[in-house]
Amino acid sequence: MRPIRAVLLVAMLALLTACDTEAERAGAPAGAVQPAAVATLEPPPAMLTEYAGAPAASQHARCSIDIVNGRPTSHFDTDPTAGAIFEGWATDTSGAAAGGIRVVLVGTKSYMAEGTTGLKRADVAAAVGQAAETSGFRVAVPVLGVPKGTYSTRIEGIDGSFACPTRLRIVVN
């Protein structure tokens, strides 16, 4: 097996040294350092950032994360290079759709991603009241850079008016 690797390595090196660069074709000296291309990536729909805030829990706000990546769940395992799409609903202390929300992962350190409600949830409106009809949300939560561990979740109002714990537990492997 080692002779095959050695042959492949020698062949790759020969191919690489035979390649000329665009700078060399334009007259620049061989081996001249060229500036790196700048990558332009679109940011994910929600950015997960470290979070130190902790508004007071509200007895009157209601919320739930019902679905993760298209599946009903109360427990979710992921690796640190993946992400998840959280779907659920949130009402503020008056029972109306919460508007701007944070999905917070709570562990040794906490992380949050912001989103908004606005998706129709007839089931929530039937159970909580018509003012909650557009309390649904869908937030993409990247976990890149989040340390391994188990995290509980909560939904908060961006304005700090409520914090609502959920049943969802996330394990970053």
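Biologist: How many aromatic pairs does the structure hold?
Modeller: This is a predicted model. Tyr111 and Tyr151 form an edge-to-face pair, with 75 degrees between the planes and 6.3 Å centre to centre. The number of aromatic pairs in the structure is 1.

Biologist: How many residues apart are Tyr111 and Tyr151, and which strands hold them?
Modeller: Both tyrosines, Tyr111 and Tyr151, are buried. Tyr111 belongs to strand β7 (residues 110-116) and Tyr151 to strand β9 (residues 149-157). The pair therefore links distant parts of the chain by the strand definition used here, and the separation is 40 residues.

Biologist: Which residue in β8 is the bridge partner of Ala84?
Modeller: Strand β5 (residues 83-91) runs antiparallel to β8, and 7 bridges join the two. In β8, Ala84 has as its bridge partner Val141.

Biologist: How many residues apart in sequence are the parts that Glu87 and Arg138 tie together?
Modeller: The side chains of Glu87 and Arg138 meet in a salt bridge, at 3.6 Å from N to O. Glu87 lies in strand β5 and Arg138 in strand β8, so the parts tied together are separated in sequence by 51 residues.

Biologist: Is Arg121, the salt-bridge partner of Asp123, buried or exposed?
Modeller: The closest N and O atoms of Asp123 and Arg121 are 2.9 Å apart. Asp123 counts as partly exposed because its relative accessibility is 47%. The relative accessible area of Arg121 is 18%, and buried means under 20%, so Arg121 is buried.

Biologist: Which residues do salt bridges that share partners join into one network?
Modeller: One of the 6 salt bridges in the structure is that of Glu156 with Arg154, whose closest N and O atoms are 2.5 Å apart. Both Glu156 and Arg154 are buried. Through shared partners, the network joins Arg102, Glu114, Arg154 and Glu156.

Biologist: What is the nearest side chain of opposite charge to Asp92, and how far away is it?
Modeller: Asp92 is in the loop between β5 and β6 (100-106). The Asp92 side chain makes a polar contact with the side chain of Ser94, at 2.7 Å. Asp92 is buried yet has no salt bridge. The nearest side chain of opposite charge is Arg62, at 10.0 Å.

Biologist: How many of the residues of β6 are buried?
Modeller: β6 pairs in the antiparallel sense with β7 over 7 bridges, and the two form a hairpin with 3 residues between them. β6 also pairs with β9, again antiparallel, over 6 bridges. β6 is largely enclosed by the rest of the structure, because the buried residues number 5 of the 7.

Biologist: Which residue in β9 is the bridge partner of Val104?
Modeller: On the β7 side, Gly100 stands opposite Thr116. In β9, the bridge partner of Val104 is Arg154.

Definitions and conventions: Residues numbered from 1 in each chain as written. Predicted model: local features only at pLDDT ≥ 70, side-chain atom pairs only at ≥ 80, totals over all residues. Heavy atoms only, no water. Phe/Tyr/Trp six-rings, centres within 6.5 Å; stacked < 30°, edge-to-face > 60°. Helix = DSSP H or I, 4+ residues; strand = E, 2+ residues; numbered from the N terminus. Buried < 20%, exposed > 50% of the residue type's maximum accessible area, 1.4 Å probe, protein only. Pairing = 2+ DSSP bridges. Salt bridge = Lys/Arg side-chain N within 4 Å of Asp/Glu carboxyl O. Lys, Arg positive; Asp, Glu negative; His and termini not counted. Polar contact = N/O pair within 3.5 Å; in protein donor to acceptor, adjacent residues only side chain to side chain.
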